[in-house]
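The sequence and structure come first, and the text follows.

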Amino acid sequence: MEDEMDHLATNMESITEFSGKISGTLQDRREQITKLSGVHMLLKKLQFLFELPARLKKCIEMEAYSQAVRYYTKARKVLHQYQHMPSFHGIQQDCNIIVKDLSQNLRDQFRNKESSPKQLAECVDLLLQLNEPAEELCEEFLSHARQKIDEDLAELDRQVRLQSGEDVPKPEPHPEDRRPSDAYMPNAPMSEEAEERVDHYMDVLEFVDFGCNGFLSNVCLVIASYNDMFLNRNQGDDNIDGIALKKLVNFVNELMEQYFNYVMRRVQLERETGDNTILVRALDRFHRRLQAMNKLLPDTDFSRAGTDIVSRASRDRVNHYYESLKQHFADCLTDVRQSLAAPRLVGKQEDSTKLSDLLALAHSSVLDQMKSVLANLQAFIASDITFAMKPYFRGPFCVQDVREGLAVAYMKHICDVCNEFCEQTGEKGSAPPALLLILSRICIDFENSTVNYLLTLTDEQFMITDRSQLTQLTELTDIFKDTAQKLLNHYVKVQGLACSQMLRKSVETRDWLNTIEPRNVRAVMKRVVEDITAIDTQVGQLYEEGVRKERSSDSSRRTFSYHSAAKQQKNWNFASSSIDNSLMSNIQKLFSEKIEIFTAVEFSKVSVLTGIIKISLKTFLECVRLRTFGKYGLQQIQVDTHYLQLYLWRFVSDENLVHVLLDEIVSSTIHRCIDPQTMEPSVVELICERG
């Protein structure tokens, strides 16, 4: 092995020696070869430079624009470096002229409407490599992109105007819309399919779909292309990137502002629709698509603006329903008034619709309409609706719009309308008394149960849990109770004044000094009793009887006024010689119970009738005090008051009220009689029984 190793070492030494001899022999030739190789490369570069103008022209002729740009950018630095040399200067000038034409061709392709996004991106990339101003290219790209987007906006605007009833001219037909045989004729008519498409009215869901699939899709495509062309090139120039981004954001914001305006106007035209399903689906798609746009352009937030449109649309729907509820309540009142004013039939039993039936019909109609509205509005908070899950929509919509703005506001509106009836005078156009009675009963029913039912239903359907800052149940029930009290008081006042007016005219239009001896009860007294009886029947349909005081015997009731009158006559004759008549009358009043005429009425039939009778008799008394009577005038008042006494006691809570007031009427008549001679009670009773 040692011998082999020695032999190997000897061979390596001889190889090294031989290699050194070869290197020494070829040293001069290697330097020449390297020099020749460098000269060859330089000649090739020079040949490329001299052939560059021809190459560029050939590439432009073949529309190989990317190849031409690559050739030019490869030689641009060298030409610029040696432009002081005449030969290179000439080549540079020729190339500049050719590159200018190349840039123009690229710009023409860039501005061509038929260019695809890929072609646009390639054009922008080549123009940027040719050192074209990036800011100017941004503006040109956005201007070119806007042409197609403006067509979408124009169609959206046309649909809004069509829906609002404006006379909108038809758009210019596209060549594709013309008949195949006339497609390239400038004035050729559109095909039937194109005519139908142009005249088509989009519903709100189609409108939103067109906006999402047309306008928003094109905007998203522009944003993506713009990002690839200008923002994601890694140029390393933050200033240019900032300018480009600002231009894009301003461009998109301006377009979206127009789009939001069209969507808002179109949605507002849906106020009169009865079904919310299509509207809610359209708003949901609109809201979903805007959220996707935020991811594409992070420097903007369109979802909030979209949610504002959704919130405004929902608020418009609530306001529409509120107005429809108000109109429905007005229609209910109109129906009730028409039923009350309907001509009566001959048959007594079929005189008119019962008040209890009208009450039940009006109450159920108002309640059912409110329940229907709440059910329709639930579409806005369905579980599959994206914006319904957003707290900034759900909270204000459920609490402020539906509960407070609709349910509570509507119930307060009912009270306001009812209160307006109480403020009307007895002139033409005032509410019929029966309507006041029905409304008072409706308010009582709302206070007792309906308000609680509607608030509970609203809170449950719209999942309202925190009610601490909201309108409370007791507040609404108090409002309805006060309104019911005002209505009932006004009813008593109106009916009392109607009876009072008859009594007043009957007293003021008669000559009480020269009247004949009474033989009958005056017709006005019979009419008053008939009206009181009719009012009793009317009130009894809606209110309970109420509490009466214990009654006296029939005999005392029938003779009370005339014993008192006789007693008054004796006192009168006695007092004429010793005591002043007015003093005697005042002393007698001290021992009589004071009667308050205009007092609050309780919710019962007896209380209502008592109030009406008190007003009527008090008016009768005041009219008597303004007249002077003869003997027969006094006796006629005697007969009239006794007739009233026979019938009115059964309607009041305390019959003594009737006795006292009638007795005071007779006493006041005696006091104002020039010949105070009363008729025998038996004769008075006979006349009244016969009458």
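The model is predicted: local features need pLDDT of at least 70, side-chain atom pairs count only at pLDDT 80 or more, and totals for chains, interfaces and linings use all residues. Residues are numbered from 1 along each chain as its sequence is written, and side-chain values use heavy atoms, with hydrogens and water left out.

**Helix 15 and helix 18**

The axes of this pair come within 9 Å and cross at roughly 160°. Axes here are lines fitted to C-alpha atoms, for helices over the stretch in contact, and angles run from 0 to 180 degrees between N-to-C directions. On the helix 15 side, the contact (heavy atoms within 4.5 Å) is made by Met-525, Ile-532, Ile-535, Asp-536, Val-539 and Gly-540. Helix 18 contributes Lys-605, Val-608, Leu-609, Ile-612, Ile-613 and Phe-620. By class, the residues of this contact are nine nonpolar, one polar and two charged. In this scheme Ala, Val, Leu, Ile, Met, Phe, Trp, Tyr, Cys and Pro count as nonpolar, Asp, Glu, Lys and Arg as charged, and the others, Gly among them, as polar.

Helix 15 runs over residues 523-540 and has 18 residues. From its first C-alpha to its last, helix 15 reaches 26 Å, close to the 26 Å expected at 1.5 Å a residue; the expected span is 1.5 Å times one less than the number of residues. Its buried residues (under 20% relative accessible area; exposed is over 50%, partly exposed in between; 1.4 Å probe, protein chains only) include Val-524, Val-528, Val-529 and Gln-538. Met-525, Ile-532, Ile-535, Asp-536 and Val-539 are also among the buried residues of helix 15. The cover over these residues includes helix 11 (355-377), helix 13 (433-461), helix 14 (473-508), helix 18 (605-624) and helix 19 (631-648).

Helix 18 is mostly covered, with 18 of its 20 residues buried. Its end C-alpha atoms are 29 Å apart, which agrees with the 28 Å that 20 residues should span at 1.5 Å a residue.

**Two further pairs**

Helix 9 (residues 277-296) and helix 10 (residues 302-341) pack at an angle of about 165°, with their axes 8 Å apart. That makes helix 9 roughly antiparallel to helix 10. The crossing of helix 9 and helix 10 is left-handed. In helix 9, the residues that meet helix 10 include Leu-279, Leu-283, Phe-286 and Leu-290, and those on helix 10 include Phe-302, Ile-309, Val-310 and Arg-317. The residues of the contact of helix 9 with helix 10 divide into nine nonpolar, six polar and one charged.

Helix 19 and helix 20 (residues 655-671) pack at about 180°, with axes 10 Å apart; the two helices are therefore roughly antiparallel. Residues in this contact include Leu-634, Ile-637 and Leu-644 of helix 19, and Val-658, Leu-662 and Ile-665 of helix 20. This contact has nine nonpolar, four polar and no charged residues.

**Individual residues**

| Residue | Relative accessibility | Class |
|---|---|---|
| Met-463 | 54% | exposed |
| Asp-301 | 48% | partly exposed |
| Thr-73 | 25% | partly exposed |
| Arg-289 | 22% | partly exposed |

Met-463 lies in the loop between helix 13 and helix 14, and its phi is near 50°, a positive value in a residue other than glycine. Asp-301 is in the loop between helix 9 and helix 10; its C-alpha atom is separated by 8.4 Å from that of Gln-291, 10 residues apart along the chain.

Thr-73 is found in helix 2 (residues 65-81). Thr-73 and Leu-130 are 57 residues apart in sequence and 7.4 Å apart in space, C-alpha to C-alpha. Arg-289 is in helix 9 and, not counting residues up to four places away in sequence, touches Cys-212, Asn-213, Leu-216 and Ser-217. Between Arg-289 and Ser-217 the C-alpha separation is 9.4 Å, at 72 residues apart in sequence.

**The chain as a whole**

The protein chain has 21 helices and zero strands, where helices (H or I, at least four residues) and strands (E, at least two) are DSSP runs numbered from the N terminus. Buried residues make up 44% of its 691 residues. Of the contacts with a separation of 6 or more, 81% are between residues 24 or more positions apart.

Definitions and conventions: Angles under 35 degrees count as roughly parallel, over 145 as roughly antiparallel, 65 to 115 as roughly perpendicular and the rest as oblique. A crossing is left-handed if the near helix is turned anticlockwise from the far one by less than a right angle, and right-handed if clockwise.
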